[in-house]
Amino acid sequence: MAPVGSKRGVLERLNAGEVVIGDGGFVFALEKRGYVKAGPWTPEAAAEHPEAVRQLHREFLRAGSNVMQTFTFYASDDKLENRGNKLSFTGQQINEAACDLAREVANEGDALVAGGVSQTPSYLSCKSEEEVKKTFKKQLDVFIKKNVDLLIAEYFEHVEEAEWAVQVLKATGKPVAATLCIGPDGDMHGVTPGECAVRLVKAGADIVGVNCHFDPLTCVKTVVMMKAAVEKAGLKAHYMTQPLAYHTPDCSCQGFIDLPEFPFALEPRILTRWEMQQYAREAYKAGIRYIGGCCGFEPYHIRAVAEELSAERGFLPEASQKHGLWGSGLEMHTKPWVRARARRDYWEKLKPASGRPLCPSMSTPDGWGVTRGHAALMQQKEATTAEQLRPLFQQADAKH
């Protein structure tokens with residue numbers, strides 16, 4: 001077990017041209033396993049069910065992850081207490097437990113610990129810059145106490161709030177990554193991906209990119225736009241992608257949360273492991289070197305990324321001991337027609353079927369067109385009432 005601080009940092013690795021592989025989507029993975037509630041999406045499982053969080057970290061480590069991101073998504077106090085969410089643990093307890101679990105597993109391999117903050121209800125409710133930064137600072141105090149290796153500001157729909165987060169995180173002197181949950185159309189106020197990236201680098205981010213809301217190739221396309229703008233501005237940065245594991249060709253600016261299938265019927269959209277290998281290759285070709293995943297990513301998806309880039313990294317992940325490259329393990333199958341699938345060209349050419357005769361190929365996103373400052377996005381501590389829900393149901397029914 002390596003002592004804290006003895007491993008090469010994320011910037012050392014990226015500066016050397018190495019690939020850094022992130023992990024996957026904890027809230028979605030743990031919701032499916034029964035440890036996270038969809039709706040609030042808060043990470044109290046780090047304190048309530050540490051065994052579940054620890055196991056998921058270990059599976060991602062075994063699959064090839066170089067970074068154990070603390071399970072602190074939406075762990076700011078204003079989100080933990082939003083809309084009647086009642087918890088038996090404080091924000092500090094959840095953040096501390098998440099850091100301890102990530103460090104425990106990171107020390108079992110060559111992995112770093114990343115403390116993460118995300119967008120806040122305070123910003124959506126138009127609180128001041130000072131109030132929003134104070135919310136980030138409370139989480140940051142725990143990350144400093146636990147001596148994480150790097151900091152990530154992730155899942156921001158508005159570049160302004162992401163800038164505020166980066167400014168707070170950068171004051172620590174630790175490496176800072178910043179990812180927006182945007183696509184090629186830019187943030188929710190129409191700021192282009194390129195301008196967003198330039199602003200984040202100027203705010204102090206060492207690594208910039210996107211996470212969540214869109215499929216892998218859309219995210220790669222968006223980061224390419226960011227990279228071009230940063231270089232044109234004469235600035236330097238490293239680049240990262242942590243996309244969805246879902247196909248989203250029909251998404252608008254808001255991404256997959258606008259899809260009618262969100263969040264409980266997205267399974268038909270899941271990328272195969274072979275499509276994940278294509279993502280890894282395209283990201284690498286685009287100059288992205290921090291390559292991971294977000295919602296929908298399971299450990300086998302990360303293993304696919306690690307296998308695709310095994311030549312560049314010089315090794316395969318431990319989990320590949322149970323997975324023949326490009327289906328080669330099927331050579332051992334009892335059925336001859338399955339043995340015939342033990343080849344790369346079969347899986348690369350496959351067009352998976354949904355098995356649903358009346359399933360449409362794409363959906364119509366809801367696209368209500370609301371963002372920060374709209375009355376419908378004003379947050380509250382009290383539980384959502386039936387009176388508040390009724391007009392939302394009516395509006396949704398009218399659209400469908």
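## How confident is the model?

Let us start with confidence. The mean pLDDT of the protein is 93, and 96% of its residues reach 70 or more. Residues 1-5 are a stretch to treat with care: their pLDDT is below 50, and beyond near neighbours in sequence this stretch has six contacts in the model. Where pLDDT is low, the predicted coordinates should not be read in detail.

## Helix α4

Helix α4 covers residues 50-63, which makes 14 residues.

The buried residues of α4 are A52, V53, L56, H57, F60, L61 and A63. An α-helix has 3.6 residues a turn, so residues three or four places apart point the same way. Just after the helix comes G64, with a positive phi of about 125°.

Now turn to α6, a helix of 16 residues. Is α6 mostly covered or mostly open? It is mostly covered, with 12 of its 16 residues buried. Among the buried ones are G91, I94, N95, E96, L101 and R103. The elements that cover them include α3, α4, β2, α5 (77-80), β3 (112-118) and α8.

On the α4 side, P50, V53, R54, H57, R58 and L61 take part, and they meet L101, A102, E104 and V105 of α6. Sorted by class, this contact has six nonpolar, one polar and three charged residues.

## Helix α12

Helix α12 runs over residues 273-285, with 13 residues in total. At 1.5 Å a residue it should span 18 Å; the end C-alpha atoms are 19 Å apart, which agrees.

Its buried residues are W274, M276, Q277, Y279, A280 and A283. Look around them and you will find that their cover includes α11 (216-232), β7 (238-242), β8 (290-291), α13 (299-308) and α16 (344-349). Just after α12, G287 has a positive phi of about 90°.

Most residues other than glycine have a negative phi, and most peptide bonds are trans. A few places in this model go the other way.

W41 is not a glycine, yet its phi is positive, at about 60°. This residue sits in the loop between α2 and α3. Is W41 buried or exposed? Its relative accessible area is 9%, so W41 counts as buried. C126 also has a positive phi, near 65°, and its place is in the loop between α7 (121-124) and α8 (129-145). With a relative accessible area of 41%, C126 is partly exposed.

For a cis peptide bond, look at F262 and P263, where omega is about -5°. P263 lies in the loop between β7 and α12.

K32 belongs to helix α2 and is partly exposed, because its relative accessibility is 41%. Leaving out residues up to four places away in sequence, K32 touches Y246 and E267. The C-alpha atoms of K32 and G296 are separated by 9.9 Å, although the two residues are 264 residues apart along the chain.

S122 lies in helix α7. At 8% relative accessibility, S122 is buried, since the cut-off for that class is under 20%. With residues up to four places away again left out, S122 touches D78, K127, V132 and T135. S76 is 46 residues away from S122 along the chain, and their C-alpha atoms are separated by 9.8 Å.

How values were computed:
Residues numbered from 1 in each chain as written. Predicted model: local features only at pLDDT ≥ 70, side-chain atom pairs only at ≥ 80, totals over all residues. Heavy atoms only, no water. Helix = DSSP H or I, 4+ residues; strand = E, 2+ residues; numbered from the N terminus. Expected span 1.5 Å × (residues − 1). Buried < 20%, exposed > 50% of the residue type's maximum accessible area, 1.4 Å probe, protein only. Contact = heavy atoms within 4.5 Å. Nonpolar A, V, L, I, M, F, W, Y, C, P; charged D, E, K, R; others polar. pLDDT = per-residue confidence, 0-100.
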